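The sequence and structure come next.

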Amino acid sequence: MPVLQLDGLTTNYRTVRGWVKAAEDVSFEVEKGEALGLVGESGCGKTTVALSILKILPSGARIRHGKIIFDGRDLVPLSDSEMRKIRWKGISIVFQGAMNALNPVFKVGDQIVEAIRLHEDVSKGDAMRRAESLLELVGVEPSRVNNYPHEFSGGMRQRALIAMALASNPQLLIADEPGTALDVIVQAQVLKLMRSLKEKLGLSMIMISHDLSIVAEVCEKVAIMYAGHLVEYGSIEAIFKEPLHPYTQGLLGAFPGIKGERRKLTSIPGQPPDLLAPPAACRFHPRCPYVMDICKKEKPLLEKAGSGDHYVACYLY
Ligand code: SF4
């Protein structure tokens, strides 16, 4: 049974100009011990999906439709007090730009202790011992519990935040653009850490990124989002070997791979649409080089295509 199953998740934001259709009919699964990459340009709805799973959406946002099945239970109808039991212990998150999320006036160890004691009834001494072993788990010398955040490098701060997110032994960790503010060498070390945590702890993961080559370093599966729609979904191998959706093909041309041969980069022409008034049917049609009449009239469904576990929402297939 999957740890997490999204079935037709639709989340909208109310703004003064109307409803923003941020995520529409999004479905995917994450198995135990598996990592799924959620990939797309900024504003495509990836973070909205993450906030919907934890039900920490900003005011004015609504889950309009769909199910979020976690550990066999639909989270959508749960109250805030029921969700509080699931956040951190069941599903935890490392937020985007979290490198600056540590409080500069408290020692790192005390901040991890606070995170542990917020969710568990343990003594300060036990929580501090756990903070030390959590730091060790993420590759930081345990004695650094006594340091202040400014005494940590950027990479160590990112590691400390990952340690904090693991404080209550969650089953599922969501990492929103982990390590993006770091230089490439430190970012590669953070990705290596994520991969080893997944293996050591049997952790399930959703990794959010705008960069397919980054999720390929950690994830087995990938879901590509464009303007709030899931457009392609499948194993990393299948999508790298045979990208089917024209948007995925564009994304692969737009990013240099971390490894492999050098190639000429191309960009996707045009701009992502305004989600207050997105293009009808296939939302990619104004930017698609293969657009047909039907693409402007009916939304293509995500259907099995290609070899293996590979799904695409495009009339070319
Ligand atoms: Fe292009 Fe049509 Fe496929 Fe959309 S459905 S990606 S417009 S070919």
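## Helix pair H3 and H5

Helix H3 (residues 108–119) and helix H5 (residues 154–165) cross at roughly 20°, with axes that come within 9 Å. Axes are lines fitted to C-alpha atoms, for helices over the stretch in contact, and angles run from 0 to 180 degrees between N-to-C directions. H3 and H5 are therefore roughly parallel to each other (angles under 35 degrees count as such). Their crossing is right-handed: the near helix is turned clockwise from the far one by less than a right angle.

H3 makes the contact through Val108, Gln111, Ile112 and Ala115; H5 supplies Ala160, Ala163 and Met164. Contact means heavy atoms within 4.5 Å. Six of these residues are nonpolar, one is polar and none is charged. Ala, Val, Leu, Ile, Met, Phe, Trp, Tyr, Cys and Pro count as nonpolar, Asp, Glu, Lys and Arg as charged, and the others, Gly among them, as polar.

Four strands form an open sheet in the order S2-S1-S4-S5, with antiparallel pairing. Strands pair if DSSP finds at least two bridges between them. S2 (18–30) and S5 (73–74) are the edge strands, each pairing on one side only. Nine bridges join S1 (residues 4–15) to S2. Arg14 has Trp19 in S2 as its bridge partner.

Helix H1 (residues 46–54) packs on this sheet and touches S1, S2 and S4 (61–70). The direction of H1 makes about 110° with that of S1.

## Basis

Helices (H or I, at least four residues) and strands (E, at least two) are DSSP runs, numbered from the N terminus. The model is predicted: local features need pLDDT of at least 70, side-chain atom pairs count only at pLDDT 80 or more, and totals for chains, interfaces and linings use all residues. Residues are numbered from 1 along each chain as its sequence is written, and side-chain values use heavy atoms, with hydrogens and water left out.

Conventions:
Angles under 35 degrees count as roughly parallel, over 145 as roughly antiparallel, 65 to 115 as roughly perpendicular and the rest as oblique.
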